[in-house]
Amino acid sequence: MGHMCITRVVRALFCCALIFSPMVMGAQEEKVSLNFVNADIDEVVKAVSHITGRNFLIDPRVKGTINIVSSTPIPTSLAYDILLSALRLQGFASVESGGITKVMPEADAKLYIGASSDIQGSGDKLVTRVYVLKYESATQLVPILRPLIAPNNIVTAYPNSNTLVVTDYASNLKRIEQIVESIDQPSAEAPIVIPVKLVSAVELAQTINRLIQGGGAAPTGGGTDASQRFTLTTDARTNSLLLSTDNPARVARVRDLVEKLDVETTVPGNMHVIYLKNAEASKVAQTLRSVMSGDTSAPAAAATGAAASAAPTGGGMVQADVPSNALIITAPTPIYNNLRAVVEQLDVRRAQVYVEALIVEVEADKAAQFGVQWQALGGVNGSGTQVIGGTNFGTTGNIISAATSLSSLGQGLNIGITNGTITLPGSTTPILNLGMLASALETDTKSNILSTPNLLTLDNEEAKIIVGQNVPFITGSYAQTGTTATATPFQTIERKDVGLTLKIKPQVSEGGTIKLQIYQEVSSVDATTLTSSAGVTTNKRSLESIVLVNDGQIIVLGGLIQDSVSNSKTKVPFLGDIPWLGSLFRYDSRTRTKTDLMVFLRPYILRTAEDSHGLTQSRYEYLRGVQEKSQMQSSPLLPTMPAPVVPPLDLKQELPQPSMPASPVAGKP
C-alpha cells in the first residue's frame with residue numbers, strides 16, 4: 001500500500017510539472033516536457049487534454065500504462081502526435097468526430113472513420129483513403145498491398161469502379177499511395193499495327209504464331225512474366241496484323257518475319273488450300289459460291305453434283321474436297337483475303353446442347369362395390385306349377401354363375417346362403433341351390449412413374465430418343481380358299497414403337513438463350529385389350545411445342561391434371577329405393593380416377609470440350625456408383641458372383657474396358 005501511494009504521488013508531481021512548466025520564448029510556440037513512466041493511459045490523456053485543449057472520450061476497454069520521456073522540451077502541437085504514437089504501440093487509436101477525440105481499440109477504430117484524401121496529418125492517425133485506378137485491376141492489387149498494411153486494418157477492392165479502399169495509419173498510407181502510383185501505369189507497349197500488302201494476313205498470323213509458340217513463347221495471356229506475353233491477331237478488313245507484347249525483341253522478330261514473308265507468290269493461278277477444323281467443307285464451299293455469285297436461291301447446305309464444281313462469276317473458284325474436309329480456292333489475293341476471313345468466322349466449334357427431361361406421372365384409382373342378389377330355385381325339381389325367381393345384376397360373380405361354379409365368384413368378400421343342390425331341367429349335373437349372395441369389394445391403386453430421358457445434340461440438329469417396345473398391330477386379315485376346300489387365313493401386321501419418345505431440336509443464340517422445338521410422347525398398351533379380337537389399344541399422351549429457355553433454367557412444358565368420379569347403381573324397381581332396406585335389392589359401384597402428368601426440361605449449353613468432358617465424367621461416375629451399389633450379397637450356400645463394375649474414367653486416356661469377374665470355382669461356396 002505504501003508503494004502504491006508513492007507511485008500516485010510521483011504521477012501527480014509529473015502531471016503538475018507538465019502543466020506548469022511551459023516556457024515562453026518571445027513569440028515562439030510554447031514548449032512542454034513530457035515525462036511519464038508506467039503512467040495510466042487515463043492520466044496521460046488527461047494531461048494531453050490540458051495541454052492541447054482537446055476533449056477526449058475514452059472507451060472502457062482502453063486500459064494499461066505507457067511510457068513517454070522527452071529529454072528536451074517539445075512544442076505543445078506535438079504532444080497529441082506523441083500520444084497517438086504511444087497509443088498505437090498499445091493497440092489503441094483515436095477517432096475525431098464532432099469536436100471530440102474518441103480513444104478505442106484499433107480493431108474498432110476503422111469502423112468510425114470516413115474516407116479522406118488528406119494524409120498529410122498525424123502519422124499515427126487512422127485514415128481511410130479511396131484510390132481510383134486507371135490502368136491496373138484493383139482486385140489484383142489487393143494481394144500485393146495486404147502484407148504492407150497492419151493486420152487490424154483493411155484493404156479491399158470494388159471491381160465495378162476499379163477502386164481500392166484502404167484504412168491504415170497516415171504514415172503508412174503515404175507509402176501505399178506511392179506504390180499504387182508506381183503500379184497504376186499504362187502499358188509500355190501499345191498494340192502495334194503491321195500492314196500486310198501481298199499475302200493473307202490470316203495465313204501469315206497462323207504461320208508466325210506457330211513459329212513464336214514453337215520458339216518457347218508463352219500462350220496468349222499465360223505466364224507470370226509480362227515480357228513473355230504475346231498476342232498476334234488479324235484485322236481482315238484492312239488485311240493487317242495486330243501485335244501486343246511487352247518484349248521489344250519479339251516485336252523486331254515479328255516485323256522481320258512479315259517483311260520476308262509478305263512477297264508475291266510464284267505459284268501459278270494463285271491457288272490456296274484451307275483445311276477446316278469444325279465445319280463441313282461442302283457446305284462452306286456452297287455458301288462461299290453463293291456469296292461470290294450473289295445467288296441466294298440455292299440452299300447453302302446443298303453442295304453436291306454439278307453445282308459443287310460450278311465457278312461463280314466473282315473472279316474466283318471455290319471447290320470442296322470432302323475426304324480431307326478442305327477448301328480449294330483459286331482467286332486474286334484481295335478476293336482470297338476476304339474469303340479467308342469469312343472461312344475463319346464460319347469454321348468455329350459449334351455449341352452442343354445437353355437436355356435433361358423429367359416426365360412425372362402419378363395415378364391414384366379407388367373403386368368400391370357392394371350388392372346383394374337373391375334367387376329362389378326350390379321349385380325347379382317339383383311337379384306342377386311352381387314359382388321361381390331372383391335378382392341378377394349382371395356383375396362379375398353374379399348369383400347364377402356362382403351357383404354353377406364357385407370359381408366364378410368375384411373378388412372381394414362374398415357371403416351366400418345355400419339350401420342343398422338342385423338339378424336344372426335338361427341337365428344331369430347338380431348345382432348349388434344358392435338363395436342369396438352378398439358381395440363387397442374395395443380397390444386402391446397407386447402408380448408413380450418417373451422418366452428422365454437425357455439427350456446431347458449439336459446446335460440446330462435434331463435428336464431423338466425412344467425407350468419402349470415395338471408392338472405389332474393387325475392392319476388386315478384375309479382367308480383365301482383357292483381350289484382347295486380348306487381356307488388359308490393370314491393377317492397383315494404393322495409394328496409401331498410404344499413407350500417414351502422425345503425429339504428435340506435446339507437453336508442457341510449468342511446471348512445464351514435456347515430455342516427448343518420439342519415433341520414428347522408417352523404411350524402404353526392397355527392391358528385389358530391384349531386378348532381383344534380387334535387388336536390392342538394404346539394409351540397415348542403427346543406434347544409438341546416451341547419454347548425459349550435460358551441456359552441451365554428449368555421450364556415446365558405442360559401436363560395433364562385429370563380427376564374423374566363415377567357412380568353406378570343397379571337396382572330392383574321400387575324395392576331398391578326403400579331407405580336402408582333398399583340396399584338388399586341393389587348393386588352400388590363407385591370409382592374415382594386421378595391422374596397428374598407433368599413434363600419438365602432443363603437444357604445446358606456445352607461450348608467447349610471441357611464442358612463436354614465434365615458432363616461425361618459426372619454421368620460416368622453416377623453409373624459406376626449405381627453398379628457398386630447393385631452388388632449381390634454374400635451367401636454361405638451360394639458362390640460369390642460379383643457384378644461387373646466399370647473402372648474409374650480418365651478422359652485423357654482411352655475408354656477403359658470393364659473388368660469381368662472371374663468364374664467361380666466349382667465346388668466352392
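Tutor: Two strands are said to pair here if DSSP finds at least two bridges between them. Strands (E, at least two residues) and helices (H or I, at least four residues) are DSSP runs, numbered from the N terminus. The model is a predicted one, in which local features need pLDDT of at least 70, side-chain atom pairs count only at pLDDT 80 or more, and totals for chains, interfaces and linings use all residues. Residues are numbered from 1 along each chain as its sequence is written, and side-chain values use heavy atoms, with hydrogens and water left out.

The strand to look at is β17, residues 352-376. With β18 (residues 389-390), β17 forms 2 bridges in the antiparallel sense.

β20, residues 430-451, runs antiparallel to β17 and is joined to it by 16 bridges. Within β20, L450 is the residue opposite V360. β27, residues 586-606, is likewise antiparallel to β17, with 20 bridges between them. A residue pair to look for in that case is A368 with R590 of β27 opposite.

β6 and β7 (residues 100-105) run antiparallel and share 6 bridges. In that pairing S94 is bridged to V103 of β7.

Two packed helices are described by the angle between their axes and the distance between the axes. The axes of α2 (residues 41-52) and α3 (residues 79-89) cross at roughly 160° and come within 10 Å. The two helices α2 and α3 are therefore roughly antiparallel to each other (under 35 degrees counts as roughly parallel, over 145 as roughly antiparallel, 65 to 115 as roughly perpendicular and the rest as oblique). Their crossing is left-handed, a term for the near helix being turned anticlockwise from the far one by less than a right angle, with clockwise giving right-handed. On the α2 side, I41, V44, V45, V48, I51 and T52 meet A79, Y80, L83 and L87 of α3, where contact means heavy atoms within 4.5 Å. The residues of this contact divide into 9 nonpolar, 1 polar and no charged (Ala, Val, Leu, Ile, Met, Phe, Trp, Tyr, Cys and Pro count as nonpolar, Asp, Glu, Lys and Arg as charged, and the others, Gly among them, as polar).

A further helix pair is α5 (residues 138-145) with α6 (residues 170-183), packed at an angle of about 135° with axes 12 Å apart. α5 and α6 are therefore oblique to each other. α5 passes α6 in a right-handed crossing. In this contact, L141, I144 and L145 of α5 meet I176, I179, V180 and I183 of α6. The contact residues are 7 nonpolar, no polar and no charged.

Another open sheet of 3 strands has the order β11-β13-β12, with antiparallel pairing. Its edge strands, β11 (192-195) and β12 (230-235), each pair on one side only. The twist from one strand to the next averages 25°. β12 and β13 (residues 240-245) share 6 bridges in the antiparallel sense, with T231 bridged to S244 of β13. Helix α8, residues 248-261, lies across β11, β12 and β13 and runs at about 15° to β11.

Last, the confidence values. The average pLDDT (the predictor's confidence in each residue, from 0 to 100) is 76 for the protein, and 80% of the residues score at least 70. Over residues 1-10 the pLDDT stays under 50, and the model has 0 contacts there beyond four places in sequence. Residues 660-669 also have a pLDDT below 50, but this stretch has 10 contacts in the model beyond near neighbours in sequence.

Notes: Axes are lines fitted to C-alpha atoms, for helices over the stretch in contact, and angles run from 0 to 180 degrees between N-to-C directions.
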